[in-house]
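Please take a moment to look at the structure shown here before reading on.

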Amino acid sequence: MQRIKKLFSSGLEEIRDKLVEHIRLSHESLKLLQDVSSSRDLDRLAIDEAVRKATALEREGDEIVRELVDKVVQGAVVPTVTNVVLVLLDNVDNILDMIYFAIKEIRRGYHLWSNDNVYAIISTSIKEMLDLVKSMLEYLENMARANNEDELRRYARIISSLEEEIDEIKENILDKVYTYSLNAVEFNHVVSLIYTADKIADNIQDAAYHLTTVFASV
């Protein structure tokens, strides 16, 4: 407990609070992504509104990260963890950016979901990936609120396990995609969503790793 207090005694307490705030934005944006990917009966206006909301969340997240980066480079944290904190902030920012990208990709390719094979992938495997991403985000938020190092490491292990599940789903989807008779546009749309969901998970795992490193380094 004393190490945790020491860790946040020189500016990291505020950074931790802001990280939680940023992760909550990712939760909101992910909910939008899950909503627009849950049905092919949505009208264009609903998708456009989701993109508008995701854009606002992404910009709000950018402001938080810019503020935190300024604080870090101005000496808000001890020098031994400065670089790790900056990488952590980049990971957290990437999570929200990738969710935003996925929502925009759905707006671009939503009309392709009239192909039953395309929608089958979206409504099953990609949905499963996003459900696991949601769990990973919840555990990452728990990490940011953790009060001791053991708790922090336990959440990090769970996140790593969930990321491995997503990797396995990704590989299985890609195997299926190559067996379907998709045209180039349909193929690129599906593969883009697969890899974007995977990148979101990767950045959550990296954020968990760097958050753990910050705790262990002080």
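How far apart are the mean positions of the positive and negative charges of the chain? In this model, which is predicted rather than determined by experiment, the chain carries 26 positive and 39 negative charges, and their mean positions lie 3 Å apart.

With that in mind, turn to the overall build. The chain has 7 helices and 0 strands, so that its elements, read from the N terminus on, run α-α-α-α-α-α-α. Its radius of gyration is 19 Å, which is close to the 17 Å that the globule rule gives for 218 residues, and therefore the chain is as compact as a globular protein of that length. Taken along the principal axes, the box that the C-alpha atoms fill is roughly 60 × 30 × 25 Å. Among the contacts in the chain with a separation of 6 or more, 86% are accounted for by residues 24 or more positions apart. As for the surface, the chain exposes about 10,400 Å², and carbon and sulfur atoms supply 48% of this area, while buried residues make up 50% of the 218 residues.

The largest nonpolar core has 73 residues, and the members that touch the most others are Leu 33, Leu 140, Met 143 and Ile 204. Two or more residues of this core come from each of helix H2 (12-36), helix H3 (44-73), helix H4 (79-109), helix H5 (116-145), helix H6 (149-177) and helix H7 (184-216), and the largest share, 14 residues, is given by H5. To see how one such member is placed, consider Ile 204, which, leaving aside neighbours within four places in sequence, is in contact with Ile 95, Val 133, Met 136, Leu 137, Leu 140 and Ile 159.

Not counting residues up to four places away in sequence, Leu 25 touches Leu 57, Glu 60, Gly 61, Ile 64 and Leu 96, whereas the C-alpha atoms of Leu 25 and Val 185, residues 160 apart along the chain, are separated by 31 Å. Ser 29 also has its place in helix H2, and with a relative accessible area of 0% Ser 29 is buried.

Ser 125, in helix H5, counts as buried at 12% relative accessibility, and beyond four places in sequence it touches Ala 120, Ile 169, Ile 173 and Lys 176. Not counting residues up to four places away in sequence, Phe 187 touches Val 177, Tyr 178 and Leu 182, and its C-alpha atom is separated by 8.3 Å from that of Val 118, 69 residues apart along the chain.

How values were computed: Residues are numbered from 1 along each chain as its sequence is written. This is a predicted model: local features need pLDDT of at least 70, side-chain atom pairs count only at pLDDT 80 or more; totals for chains, interfaces and linings use all residues. Side-chain values use heavy atoms; hydrogens and water are left out. A nonpolar core is a set of buried Ala, Val, Leu, Ile, Met, Phe, Trp, Tyr and Cys residues joined through side-chain atoms within 4.5 Å. Buried means under 20% relative accessible area, exposed over 50%, partly exposed in between (1.4 Å probe, protein chains only). Helices (H or I, at least four residues) and strands (E, at least two) are DSSP runs, numbered from the N terminus. Contact means heavy atoms within 4.5 Å. The radius of gyration is taken over C-alpha atoms; the globule rule is 2.2 Å times the number of residues to the power 0.38. Accessible areas come from the Shrake-Rupley method with a 1.4 Å probe; for residues, only the protein chains shown count as cover. Lys and Arg count as positive and Asp and Glu as negative; His and the chain ends are not counted. The place of a charge is taken as NZ of Lys, CZ of Arg, CG of Asp or CD of Glu.
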